[in-house]
Amino acid sequence: MSTGMAAWMSSATRRHRPCRRPSHDGKLKAILDVIRVVCANAEADLAAQPAPHMTRPREAKKLVTNLLAAPCNVAVTGDAIHIRLAPAANRSERVAIGHLFTSFNARGLSLLMAT
């Protein structure tokens, strides 16, 4: 390795030190902890719906994570929001996703429109 490359790697290593986790005051930390717990519970509840329809139900949380990170197209009309997702999923996961979305549609959710 040339001395120039070694010097560059040394300076790059010094510049990219691992970040310390920011410290928060007590109130903000409590709020962040509550948000983390609520998100974890929501993820677990959401993962419980497709799990019975999967060949590997233990991977339901990963399915939900992949679903939320999937690329999508969103179209908003006067009476509906249409979302077309393109998740990376195998056949049984796609069946489980279909059941999950069917249960969403069966709830009859409505848009709140500002007047």
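**Figure 1. The N-terminal end of helix α4 is capped by N90.** A side-chain oxygen of N90 lies 3.2 Å from the backbone nitrogen of S92. The model is predicted: local features need pLDDT of at least 70 and side-chain atom pairs count only at pLDDT 80 or more, while totals for chains, interfaces and linings use all residues. Residues are numbered from 1 along each chain as its sequence is written, and side-chain values use heavy atoms, with hydrogens and water left out. Helices (DSSP H or I, at least four residues) and strands (DSSP E, at least two) are runs numbered from the N terminus. Just after α4, G108 takes a positive phi of about 65 degrees.

**Figure 2. Helix α4 has a buried face.** Helix α4 covers residues 91-106. Its 16 residues should span 22 Å at 1.5 Å a residue, and the end C-alpha atoms are 23 Å apart, which agrees; the expected span is 1.5 Å times one less than the number of residues. The buried residues of α4 are S92, E93, A96, I97 and L100. Seen down the helix axis, these buried residues fall within an arc of 140 degrees, so they line one face of α4. The arc is taken from the directions from the helix axis to the C-beta atoms. An α-helix has 3.6 residues a turn, so residues three or four places apart point the same way. On the other side of α4, R91, R94, T102, N105 and A106 are exposed. Buried means under 20% relative accessible area, exposed over 50%, and partly exposed in between, with a 1.4 Å probe and protein chains only. The cover over the buried residues of α4 includes α2 (26-48) and α3 (60-69).

**Figure 3. S92 in helix α4 makes a polar contact with T55.** S92 counts as buried because its relative accessibility is 15%. The side chains of S92 and T55 make this polar contact at 3.3 Å. A polar contact is a pair of N or O atoms within 3.5 Å; within protein, one must be able to donate a hydrogen and the other to accept it, and residues adjacent in sequence count only if both atoms are side-chain atoms. Leaving aside neighbours within four places in sequence, S92 is in contact (heavy atoms within 4.5 Å) with H53, M54 and T55.

**Figure 4. A60 in helix α3 is buried.** The relative accessibility of A60 is 3%. Not counting residues up to four places away in sequence, A60 touches A47, A51 and M54. A60 and E93 are 33 residues apart in sequence, and their C-alpha atoms are 8.5 Å apart in space.

**Figure 5. The largest cavity is lined by residues that include S92 and E93.** Its volume is about 30 Å³. On a 1 Å grid over the protein atoms alone, a cavity is a set of points where a 1.4 Å probe fits but cannot get out, a pocket is an open set with protein on both sides within 12 Å along at least five of seven lines, and lining residues have an atom within 4 Å of a point. Grid points are joined across faces, edges and corners, and a volume is the space filled by probe spheres set on the points.

**Figure 6. The largest pocket has a volume of about 590 Å³.** Of the 15 residues that line this pocket, I81, I83, F104, N105 and L109 are the closest to its centre. The elements that give two or more residues to the lining are β2 (81-85) and α4.
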